[in-house]
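Let's take a walk through a protein model together. Keep the sequence and the 3D view open as you read.

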Amino acid sequence: MDRKALFFDIDGTLLSEETRQIPQSAKDALKEARKRGHLVFINSGRSYIMVKPIMEEVECDGCLCGCGTCIVIGDEIVYSYHIPHERGNEIKRSLLAHEMDGTLEGSEGCYFRREHSWMPFMEKLRRSIAKQGAMSSYFWEDDCYEYDKFCAVADESSDKEGFFETIRDDFTIIDRGNNFYECVPKGHSKATAIQWVLDRYGLSLDDAWVFGDSTNDLPMFEFARHAVLMGKHDAELEPYATFVTKTVEEDGIAWAMKELGII
């Protein structure tokens, strides 16, 4: 059997950003792929605590979380990276010194400042994370936790370029638009997580198929030889796509997997 390893982004790929639901067609397609002997993984920028509810909705073999900083096979964490503690504290101080805000992301929760933010976007994000049950009981002023990656948010008062200069040596900065930046420790990405899985299962890069839509999927699109791009997507991915499917709402996952002969 020609066994494949399939890697799916969540937001805008498996999960509709309009309805906040995973289409039944996508759930059925992933189930059928596993029935045929293929491996199915979620590959997300989300932390593990935020991926768990998705894993309960779809059949999969594991999840690659936090842009490669946490790898879970079944329900076992088999790889985990934390930002060194003192470096993590330096980042928190630097964010505030440059008049920025953000959220710190760990496998067990997301950490916000105890004081409410002056940025409306941050308060909206806080409510969203809390609604998902992913907000830690600790605040980022506490000194009793580790985190894996973080998101930085700027506004017109922020010196974001000054802040970025303090982290460029050890972090990859992903511009998600609207002054929202995903910051990932260097040496980690959705692509490094894919390579880890391929090595574990003795598969080659030709066996890997990736599905995505946004800029934080760029590393896996640059890396993979089979890259399926959702109908609604960021233009930066287009040069690397080998197949363009329909949108989530148009059952794009199932349609692509059938057209490509995966199911």
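We'll look at a sheet, then some cysteines, then the cores and a helix.

First, some housekeeping: this is a predicted model, where local features need pLDDT of at least 70, side-chain atom pairs count only at pLDDT 80 or more, and totals for chains, interfaces and linings use all residues. Residues are numbered from 1 along each chain as its sequence is written, and side-chain values use heavy atoms, with hydrogens and water left out.

Start with the open sheet, where 5 strands line up in the order β7-β6-β8-β10-β9 with antiparallel pairing. Strands here are DSSP runs of E with at least two residues, helices are runs of H or I with at least four, and both are numbered from the N terminus. Two strands pair if DSSP finds at least two bridges between them. At the edges sit β7 (109–111) and β9 (171–175), each pairing on one side only. From one strand to the next, the twist averages 20°. Now zoom in on β9 and β10 (residues 180–185), which pair in the antiparallel sense over 5 bridges. There, isoleucine 173 has cysteine 183 in β10 as its bridge partner.

What about disulfides? A disulfide is a covalent bond between the sulfur atoms of two cysteines. Counting one takes a pair of cysteine sulfur atoms within 2.5 Å, and this structure holds 0 of them. Take cysteine 110: the nearest cysteine sulfur, in cysteine 151, is 8.3 Å away. For cysteine 151, the closest cysteine sulfur is in cysteine 183, at 7.0 Å, so that pair is too far apart for a bond. Cysteine 151 is buried, with a relative accessible area of 4%. (Buried means under 20% relative accessible area, exposed over 50%, partly exposed in between, using a 1.4 Å probe and protein chains only.)

Next, the nonpolar cores: sets of buried Ala, Val, Leu, Ile, Met, Phe, Trp, Tyr and Cys residues joined through side-chain atoms within 4.5 Å. The largest has 34 residues, and those touching the most other members are Leu6, Phe8, Ile42, Phe211, Ile253 and Met257. A second, separate core of 21 residues includes Ala5, Leu39, Met220 and Leu229.

Finally, find helix α8 (residues 252–259), whose buried residues are Gly252, Ile253, Ala254, Ala256 and Met257. These pack against β1 (5–8), α1 (24–35), β11 (208–212), β12 (227–229) and β13 (243–244), where contact means heavy atoms within 4.5 Å. Just after α8, glycine 261 takes a positive phi of about 75°.

How values were computed. Axes are lines fitted to C-alpha atoms, for helices over the stretch in contact, and angles run from 0 to 180 degrees between N-to-C directions.
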